[in-house]
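Trainee: Hey, I've just opened this one for the first time. Can you walk me through it?
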Amino acid sequence: MTLRTALFIGIIVLAGQGGDIALSFAMKKIGEVKNFGPRNLLKTLGRAFQIGWMWVGIGLMAIAFFSLLALLSWANVSLVVPATASSYIVGAMGAQFLLGERVDKMRWVGVVIVCIGVAFVCAA
Amino acid sequence: MTERKTLRAKTYVLLALMVTFGSMGDVTLSRGMKELGRLHAWSFDGALVFFLRAFSSGTVWLGIALLLLFFISYLLVLSWADFSYVSPASAVGYVLVAVMGYLFLGEHVPVVRWLGVGLICVGVLLVGGTHPNTGQSG
(Lines give C-alpha, C1' and ligand atoms only; values in the text may rest on other atoms or scores of the structure.)
Protein backbone atom coordinates (compact mmCIF):
# COMPACT_ATOMS: atom_id res chain seq x y z
CA MET A 1 0.00 0.00 0.00
CA THR A 2 1.42 3.37 -1.02
CA LEU A 3 1.41 6.40 1.26
CA ARG A 4 -1.12 8.11 -1.04
CA THR A 5 -3.50 5.12 -0.82
CA ALA A 6 -3.20 5.02 2.99
CA LEU A 7 -3.83 8.79 3.14
CA PHE A 8 -6.98 8.50 1.04
CA ILE A 9 -8.29 5.55 3.08
CA GLY A 10 -7.74 7.73 6.18
CA ILE A 11 -9.65 10.63 4.58
CA ILE A 12 -12.54 8.35 3.54
CA VAL A 13 -12.86 6.81 7.01
CA LEU A 14 -12.48 10.07 8.96
CA ALA A 15 -14.66 12.23 6.68
CA GLY A 16 -17.32 9.51 6.35
CA GLN A 17 -17.57 8.89 10.09
CA GLY A 18 -17.22 12.60 10.89
CA GLY A 19 -20.17 13.19 8.55
CA ASP A 20 -22.29 10.55 10.27
CA ILE A 21 -21.40 11.94 13.70
CA ALA A 22 -22.35 15.47 12.59
CA LEU A 23 -25.73 14.15 11.30
CA SER A 24 -26.25 12.31 14.58
CA PHE A 25 -25.42 15.49 16.54
CA ALA A 26 -27.91 17.49 14.45
CA MET A 27 -30.68 14.91 14.96
CA LYS A 28 -30.02 14.76 18.73
CA LYS A 29 -30.64 18.53 18.79
CA ILE A 30 -34.07 17.88 17.22
CA GLY A 31 -34.83 15.30 19.91
CA GLU A 32 -36.65 11.98 19.82
CA VAL A 33 -39.26 11.78 17.05
CA LYS A 34 -42.48 10.43 18.56
CA ASN A 35 -45.10 11.42 16.00
CA PHE A 36 -44.64 9.59 12.70
CA GLY A 37 -47.47 11.32 10.82
CA PRO A 38 -46.39 12.58 7.35
CA ARG A 39 -46.90 16.25 8.27
CA ASN A 40 -44.83 15.95 11.43
CA LEU A 41 -42.08 14.02 9.62
CA LEU A 42 -41.82 16.76 6.98
CA LYS A 43 -41.70 19.41 9.70
CA THR A 44 -38.97 17.46 11.56
CA LEU A 45 -36.86 17.09 8.40
CA GLY A 46 -37.37 20.78 7.61
CA ARG A 47 -36.08 21.68 11.08
CA ALA A 48 -33.16 19.27 10.74
CA PHE A 49 -31.96 20.95 7.54
CA GLN A 50 -31.92 24.31 9.32
CA ILE A 51 -29.23 23.02 11.69
CA GLY A 52 -25.70 23.83 10.55
CA TRP A 53 -24.31 20.46 11.68
CA MET A 54 -26.60 18.71 9.17
CA TRP A 55 -24.85 20.55 6.32
CA VAL A 56 -21.42 19.92 7.87
CA GLY A 57 -22.33 16.21 7.90
CA ILE A 58 -23.49 16.23 4.28
CA GLY A 59 -20.33 18.13 3.24
CA LEU A 60 -18.05 15.62 5.01
CA MET A 61 -19.93 12.71 3.46
CA ALA A 62 -19.48 14.29 0.02
CA ILE A 63 -15.71 14.57 0.68
CA ALA A 64 -15.65 10.87 1.67
CA PHE A 65 -17.62 9.90 -1.45
CA PHE A 66 -15.42 11.83 -3.90
CA SER A 67 -12.24 10.62 -2.17
CA LEU A 68 -13.52 7.06 -2.59
CA LEU A 69 -14.14 7.67 -6.30
CA ALA A 70 -10.64 9.13 -6.66
CA LEU A 71 -9.02 6.26 -4.73
CA LEU A 72 -10.84 3.65 -6.82
CA SER A 73 -9.29 5.17 -9.95
CA TRP A 74 -5.87 3.72 -8.94
CA ALA A 75 -6.38 1.26 -6.08
CA ASN A 76 -8.10 -2.13 -6.19
CA VAL A 77 -11.62 -2.32 -4.83
CA SER A 78 -10.61 -5.55 -3.04
CA LEU A 79 -8.19 -3.51 -0.92
CA VAL A 80 -10.19 -0.29 -0.54
CA VAL A 81 -13.60 -1.63 0.59
CA PRO A 82 -12.36 -4.05 3.31
CA ALA A 83 -9.98 -1.34 4.61
CA THR A 84 -12.88 1.09 5.04
CA ALA A 85 -14.58 -1.50 7.32
CA SER A 86 -12.41 0.06 10.06
CA SER A 87 -15.00 2.89 9.93
CA TYR A 88 -17.08 1.00 12.51
CA ILE A 89 -14.31 1.31 15.11
CA VAL A 90 -13.54 4.95 14.25
CA GLY A 91 -17.29 5.71 14.38
CA ALA A 92 -17.68 4.12 17.83
CA MET A 93 -14.65 6.11 19.10
CA GLY A 94 -16.15 9.32 17.70
CA ALA A 95 -19.51 8.51 19.28
CA GLN A 96 -17.85 7.95 22.67
CA PHE A 97 -15.55 10.98 22.69
CA LEU A 98 -17.47 13.53 20.58
CA LEU A 99 -21.12 12.63 21.21
CA GLY A 100 -20.57 11.43 24.79
CA GLU A 101 -22.26 8.05 24.22
CA ARG A 102 -21.52 5.37 26.80
CA VAL A 103 -20.03 2.57 24.72
CA ASP A 104 -19.77 -0.36 27.13
CA LYS A 105 -17.55 -3.44 26.79
CA MET A 106 -20.26 -5.55 25.12
CA ARG A 107 -20.92 -2.92 22.47
CA TRP A 108 -17.17 -2.52 21.81
CA VAL A 109 -16.76 -6.29 21.33
CA GLY A 110 -19.80 -6.26 18.99
CA VAL A 111 -18.38 -3.33 16.98
CA VAL A 112 -14.97 -5.03 16.56
CA ILE A 113 -16.60 -8.34 15.50
CA VAL A 114 -18.87 -6.52 12.98
CA CYS A 115 -15.80 -4.71 11.62
CA ILE A 116 -13.93 -8.00 11.05
CA GLY A 117 -17.06 -9.59 9.57
CA VAL A 118 -17.60 -6.73 7.09
CA ALA A 119 -13.93 -6.89 6.07
CA PHE A 120 -14.34 -10.65 5.37
CA VAL A 121 -17.57 -10.14 3.40
CA CYS A 122 -16.02 -7.38 1.29
CA ALA A 123 -12.71 -9.18 0.76
CA ALA A 124 -14.36 -12.43 -0.39
CA MET B 1 -45.47 -1.31 27.03
CA THR B 2 -42.88 0.57 29.06
CA GLU B 3 -41.08 3.56 27.52
CA ARG B 4 -37.86 1.55 27.38
CA LYS B 5 -39.54 -1.29 25.46
CA THR B 6 -41.27 1.14 23.09
CA LEU B 7 -37.94 2.81 22.32
CA ARG B 8 -36.31 -0.55 21.60
CA ALA B 9 -39.24 -1.67 19.41
CA LYS B 10 -39.27 1.48 17.30
CA THR B 11 -35.47 1.30 16.95
CA TYR B 12 -35.79 -2.25 15.54
CA VAL B 13 -38.55 -1.16 13.13
CA LEU B 14 -36.53 1.83 11.85
CA LEU B 15 -33.37 -0.31 11.54
CA ALA B 16 -35.33 -2.90 9.54
CA LEU B 17 -36.63 -0.12 7.25
CA MET B 18 -33.11 1.31 6.88
CA VAL B 19 -31.60 -2.04 5.94
CA THR B 20 -34.46 -2.92 3.55
CA PHE B 21 -34.58 0.45 1.78
CA GLY B 22 -30.77 0.68 1.65
CA SER B 23 -30.25 -2.80 0.16
CA MET B 24 -33.16 -2.47 -2.29
CA GLY B 25 -32.02 1.01 -3.27
CA ASP B 26 -28.46 -0.15 -4.00
CA VAL B 27 -29.66 -3.13 -6.05
CA THR B 28 -32.26 -1.07 -7.98
CA LEU B 29 -29.85 1.78 -8.74
CA SER B 30 -27.17 -0.69 -9.83
CA ARG B 31 -29.69 -2.45 -12.10
CA GLY B 32 -30.85 0.88 -13.56
CA MET B 33 -27.28 1.98 -14.31
CA LYS B 34 -26.42 -1.39 -15.87
CA GLU B 35 -29.46 -1.13 -18.15
CA LEU B 36 -27.89 2.02 -19.60
CA GLY B 37 -24.72 0.21 -20.58
CA ARG B 38 -21.16 1.42 -20.05
CA LEU B 39 -20.16 5.07 -20.14
CA HIS B 40 -17.87 5.07 -23.18
CA ALA B 41 -17.39 8.73 -24.00
CA TRP B 42 -15.49 10.46 -21.21
CA SER B 43 -16.00 13.89 -22.76
CA PHE B 44 -18.26 16.45 -21.04
CA ASP B 45 -20.94 16.03 -23.74
CA GLY B 46 -20.76 12.22 -23.51
CA ALA B 47 -21.12 12.28 -19.73
CA LEU B 48 -24.00 14.80 -19.94
CA VAL B 49 -25.94 12.60 -22.41
CA PHE B 50 -25.26 9.55 -20.20
CA PHE B 51 -26.60 11.26 -17.07
CA LEU B 52 -29.63 12.67 -18.93
CA ARG B 53 -30.42 9.11 -20.04
CA ALA B 54 -29.89 7.89 -16.47
CA PHE B 55 -32.37 10.45 -15.13
CA SER B 56 -34.97 9.44 -17.72
CA SER B 57 -34.86 5.84 -16.45
CA GLY B 58 -37.69 4.80 -14.13
CA THR B 59 -35.45 2.19 -12.47
CA VAL B 60 -32.84 4.83 -11.59
CA TRP B 61 -35.54 7.07 -10.08
CA LEU B 62 -36.94 4.12 -8.11
CA GLY B 63 -33.42 3.45 -6.77
CA ILE B 64 -32.98 7.13 -5.81
CA ALA B 65 -36.42 7.14 -4.09
CA LEU B 66 -35.51 4.01 -2.09
CA LEU B 67 -32.17 5.52 -1.03
CA LEU B 68 -33.98 8.70 0.00
CA LEU B 69 -36.30 6.60 2.19
CA PHE B 70 -33.18 4.92 3.64
CA PHE B 71 -31.71 8.36 4.48
CA ILE B 72 -34.95 9.55 6.12
CA SER B 73 -35.17 6.35 8.23
CA TYR B 74 -31.50 6.84 9.20
CA LEU B 75 -32.06 10.44 10.31
CA LEU B 76 -35.19 9.51 12.28
CA VAL B 77 -33.53 6.66 14.18
CA LEU B 78 -30.55 8.92 15.00
CA SER B 79 -32.96 11.37 16.68
CA TRP B 80 -33.08 8.99 19.67
CA ALA B 81 -30.66 6.07 19.19
CA ASP B 82 -26.88 6.12 19.71
CA PHE B 83 -24.75 6.35 16.59
CA SER B 84 -22.51 3.63 18.10
CA TYR B 85 -25.62 1.39 18.17
CA VAL B 86 -27.17 2.24 14.78
CA SER B 87 -23.97 2.05 12.72
CA PRO B 88 -22.88 -1.54 13.57
CA ALA B 89 -26.49 -2.79 13.78
CA SER B 90 -27.13 -1.65 10.21
CA ALA B 91 -24.30 -3.95 9.01
CA VAL B 92 -26.99 -6.64 9.01
CA GLY B 93 -27.63 -5.32 5.45
CA TYR B 94 -24.53 -7.26 4.30
CA VAL B 95 -26.12 -10.44 5.69
CA LEU B 96 -29.40 -9.71 3.91
CA VAL B 97 -27.67 -9.14 0.55
CA ALA B 98 -25.58 -12.34 0.85
CA VAL B 99 -28.54 -14.49 1.90
CA MET B 100 -30.88 -12.99 -0.75
CA GLY B 101 -28.24 -13.43 -3.46
CA TYR B 102 -27.80 -17.08 -2.45
CA LEU B 103 -31.51 -17.92 -2.09
CA PHE B 104 -33.12 -15.91 -4.89
CA LEU B 105 -30.39 -15.30 -7.47
CA GLY B 106 -28.57 -18.62 -7.02
CA GLU B 107 -25.28 -16.77 -6.51
CA HIS B 108 -22.23 -18.66 -5.32
CA VAL B 109 -21.22 -17.33 -1.90
CA PRO B 110 -17.60 -18.19 -0.98
CA VAL B 111 -16.80 -19.68 2.45
CA VAL B 112 -14.96 -16.51 3.54
CA ARG B 113 -18.10 -14.45 2.89
CA TRP B 114 -20.24 -16.88 4.92
CA LEU B 115 -17.68 -16.58 7.73
CA GLY B 116 -18.02 -12.78 7.51
CA VAL B 117 -21.83 -13.08 7.55
CA GLY B 118 -21.60 -15.25 10.69
CA LEU B 119 -19.28 -12.75 12.41
CA ILE B 120 -21.59 -9.83 11.51
CA CYS B 121 -24.55 -11.72 13.01
CA VAL B 122 -22.63 -12.33 16.27
CA GLY B 123 -21.47 -8.69 16.41
CA VAL B 124 -24.96 -7.32 15.71
CA LEU B 125 -26.44 -9.60 18.40
CA LEU B 126 -23.91 -8.26 20.93
CA VAL B 127 -24.57 -4.62 19.98
CA GLY B 128 -28.33 -5.34 19.92
CA GLY B 129 -28.06 -6.60 23.50
CA THR B 130 -27.07 -3.11 24.70
CA HIS B 131 -29.59 -0.29 25.17
CA PRO B 132 -30.12 1.79 21.98
CA ASN B 133 -29.91 5.06 23.91
CA THR B 134 -27.24 5.21 26.60
CA GLY B 135 -28.50 8.66 27.56
CA GLN B 136 -31.69 7.00 28.86
CA SER B 137 -30.44 3.59 29.92
CA GLY B 138 -29.50 4.67 33.42
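Trainee: Okay, how many helices and strands does chain A have?
Mentor: Six helices and zero strands. Helices here are DSSP runs of H or I with at least four residues, strands are runs of E with at least two, and both are numbered from the N terminus. Keep in mind this is a predicted model, where local features need pLDDT of at least 70, side-chain atom pairs count only at pLDDT 80 or more, and totals for chains, interfaces and linings use all residues. Residues are numbered from 1 along each chain as its sequence is written, while chains are lettered from A and ligands numbered from 1 in the order in which they are written.

Trainee: What does chain A span along its principal axes?
Mentor: Its C-alpha trace covers about 50 × 35 × 25 Å.

Trainee: And how much of chain A is buried?
Mentor: Of its 124 residues, 39% are buried. Buried means 20 or more other C-beta atoms within 10 Å of the residue's own, exposed means 12 or fewer, and partly exposed is in between, with C-beta atoms placed from the backbone.

Trainee: Where's A:Ser86?
Mentor: In the loop between helix H4 (77-83) and H5 of chain A. A:Ser86 has 16 C-beta neighbours inside 10 Å, so it counts as partly exposed.

Trainee: What is A:Ser86 in contact with, leaving aside neighbours within four places in sequence?
Mentor: A:Val13 and A:Cys115. Contact means that the C-beta atoms, placed from the backbone, lie within 7 Å.

Trainee: Switching topic: how many residues of chain A are in contact with chain B?
Mentor: 35 residues of chain A, in contact with 30 residues of chain B. H6(A) gives the largest share of chain A's side, 13 residues. By class, that side has 23 nonpolar, six polar and six charged residues. Ala, Val, Leu, Ile, Met, Phe, Trp, Tyr, Cys and Pro count as nonpolar, Asp, Glu, Lys and Arg as charged, and the others, Gly among them, as polar.

Trainee: Now chain B: at what angle do helix H1 and helix H5 of chain B pack?
Mentor: Helix H1 (residues 3-36) and helix H5 (residues 92-104) of chain B pack at about 50 degrees, with axes 9 Å apart. That makes H1(B) oblique to H5(B), a word for angles that are not under 35 degrees (roughly parallel), over 145 (roughly antiparallel) or 65 to 115 (roughly perpendicular).

Trainee: Which residues make the contact?
Mentor: B:Val19, B:Gly22 and B:Ser23 from H1(B), and B:Val92, B:Gly93, B:Leu96 and B:Val97 from H5(B). By class, four are nonpolar, three polar and none charged.

Note on methods. Contact = placed C-beta atoms within 7 Å. Axes fitted to C-alpha atoms, helices over the stretch in contact; angles between N-to-C directions.
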